[in-house]
Amino acid sequence: MISTAKYWVVIVLFLALGFGYSIYNQPLTNNDHTFHSQIVDLNDGYGYQIMKGEKIVILQKFIPGFPGKQKFVTKKEALKTAGLVISKLEDGKSPVLLPSDLAELNISTAVSH
Amino acid sequence: MNKRKSYVYKITGMALMAMVITSCSSDDDDDDLGNWVDKSVFDGSARSSVSGFTIDNVGYMGVGYDGDDYLASFWAYDIEGDYWSQKADFPGVARNAAVGFEVDGTGYIGSGYDGVDELTDFYSYNTATNTWTEIASLPTARRSAVGFGANGFGFVGTGYDGENDRKDFWKYNPANDTWVELVGFGGNKRRSATTFTIDGLVYLGTGVSNGVYLDDFWVFDPTTESWTKKLDLDEEDEYAVERSNAVGFTVNGYGYIACGELGGATNTVWEYDPSSDEWDQKTSFEGATRQDAIAFSNGSRVFIGMGRTGTLYLDDLDEFFPLDEYEEED
């Protein structure tokens with residue numbers, strides 16, 4: 001009987017070890033999953049980057065969707081455009097900005113779309 | 001007592017076995033080589049049947065269909081930086097199933113389907129200026145064609161014109177902005193075929209016509225503009241390369257055909273060795289099975305993403321390491 005009990009102890013120990021191992025082996029969860037933006041100063045204008053935690057997700061040196069290399073004229077315009085991208089991402093929508101989105105935000109562009 | 005003891009031994013043994021099996025299942029599943037690493041952070045721009053090209057270390061993709069709308073937006077994926085940028089919108093009507101290819105550092109997207117008609121119009125994209133320019137239209141409308149750049153020219157062929165599958169090929173000359181018909185493709189008409197280019201030679205295979213998945217495989221030499229038949233895609237019993245709506249790409253001198261449609265979306269991956277004209281199965285794509293995806297490759301690194309599985313439109317991107325052992329956790 002004693003030896004049987006010993007085997008049960010061994011089994012319980014094994015299961016406990018296995019359980020501990022599986023918890024230890026869980027991929028580390030990144031605590032910072034939130035989207036935020038940073039303004040990029042391009043000397044003669046502004047761009048933005050969308051970050052997810054520490055990671056750059058979208059880098060936008062030029063106004064999205066517009067032909068050529070048109071930069072945002074002001075920091076404020078870059079910031080509100082980035083804000084719209086983030087709100088789309090947070091809603092699980094496409095981060096695509098349409099000409100109508102930019103018109104609604106009153107983004108100054110040199111060339112009309 | 002003895003009986004009970006042997007029962008306990010059995011349980012112990014089974015518990016041990018179970019632990020060994022679970023701990024090994026991640027890398028010893030099978031012998032296929034190839035590892036997939038999830039790079040997706042681009043949640044939200046799900047679309048399929050996009051078109052694009054890779055220039056230097058940037059993958060460009062745009063147009064496509066998201067299940068509700070045909071799209072005109074155009075994105076660039078920076079391979080080194082692992083981030084996206086939204087570029088100048090595609091200037092033509094929003095569409096899917098267009099072709100995209102690169103010729104001497106310039107990108108091209110054209111043909112396709114806008115939800116009503118098959119299209120002929122074509123555009124070039126200048127990466128340095130982020131601008132699109134309309135070029136000469138393809139002489140005959142089509143969608144789900146193949147397109148590739150080779151030897152300073154663009155080539156578009158096969159596809160579906162709205163009534164019939166096609167087998168004709170056209171050559172675009174950027175120097176004088178003209179399309180000329182190219183004769184000599186001996187394969188059957190088809191749509192949703194795949195190409196990849198190894199050492200300047202373009203390999204074409206797969207695709208579907210009248211519900212039949214085609215098994216012929218061809219190589220095109222752009223310097224002589226001649227097609228040569230290679231061994232069929234069902235030459236060996238274990239081959240299962242036939243499919244449609246797949247992606248084709250080249251890494252380190254080998255060609256690959258991945259994902260696609262075969263009575264439903266598939267995730268299998270086959271590697272082509274041009275020296276032996278043989279196929280070898282690799283680790284299947286790790287993400288959801290999919291068709292109408294896109295592959296970006298700079299020749300040494302490759303990324304596969306977007307596409308759809310049934311009516312679910314996908315937005316993720318995975319990097320493929322064909323020579324690595326499979327790791328589940330990355």
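**Chain by chain**

Author: Chain A has 3 helices and 3 strands. Keep in mind that this is a predicted model.

Reader: In which pattern do they follow along chain A?
Author: The pattern along the sequence is α-β-β-β-α-α.

Reader: How much of chain A counts as buried?
Author: Of its 113 residues, 27% count as buried.

Reader: Now α2 of chain A. What span should its 16 residues have?
Author: Helix α2(A) covers residues 75-90. At 1.5 Å a residue it should span 22 Å, and its end C-alpha atoms are 22 Å apart, so the two agree.

Reader: Which residues of α2(A) are buried?
Author: They are Glu77(A), Ala78(A), Thr81(A), Ala82(A), Val85(A), Ile86(A) and Leu89(A).

Reader: Why would residues three or four places apart point the same way?
Author: An α-helix has 3.6 residues a turn, so they do.

Reader: What do the buried residues of α2(A) pack against?
Author: Against β1 (35-41), β2 (46-52) and β3 (55-60) of chain A. Just after the helix, Gly92(A) has a positive phi of about 75 degrees.

Reader: Over to chain B. In what order do the strands of the open sheet run?
Author: The order is β10-β11-β12-β13, with antiparallel pairing.

Reader: Which strands stand at the edges?
Author: β10 (146-150) and β13 (178-182) of chain B. Each has a single partner strand, so one side of each has no neighbour in the sheet.

Reader: And how many bridges join β10(B) and β11?
Author: They pair over 5 bridges. Ala150(B) has Phe153(B) in β11(B) as its bridge partner.

Terms used
Residues numbered from 1 in each chain as written. Chains lettered and ligands numbered in written order. Predicted model: local features only at pLDDT ≥ 70, side-chain atom pairs only at ≥ 80, totals over all residues. Pairing = 2+ DSSP bridges. Helix = DSSP H or I, 4+ residues; strand = E, 2+ residues; numbered from the N terminus. Expected span 1.5 Å × (residues − 1). Buried ≥ 20, exposed ≤ 12 C-beta atoms within 10 Å, placed from the backbone. Contact = placed C-beta atoms within 7 Å.
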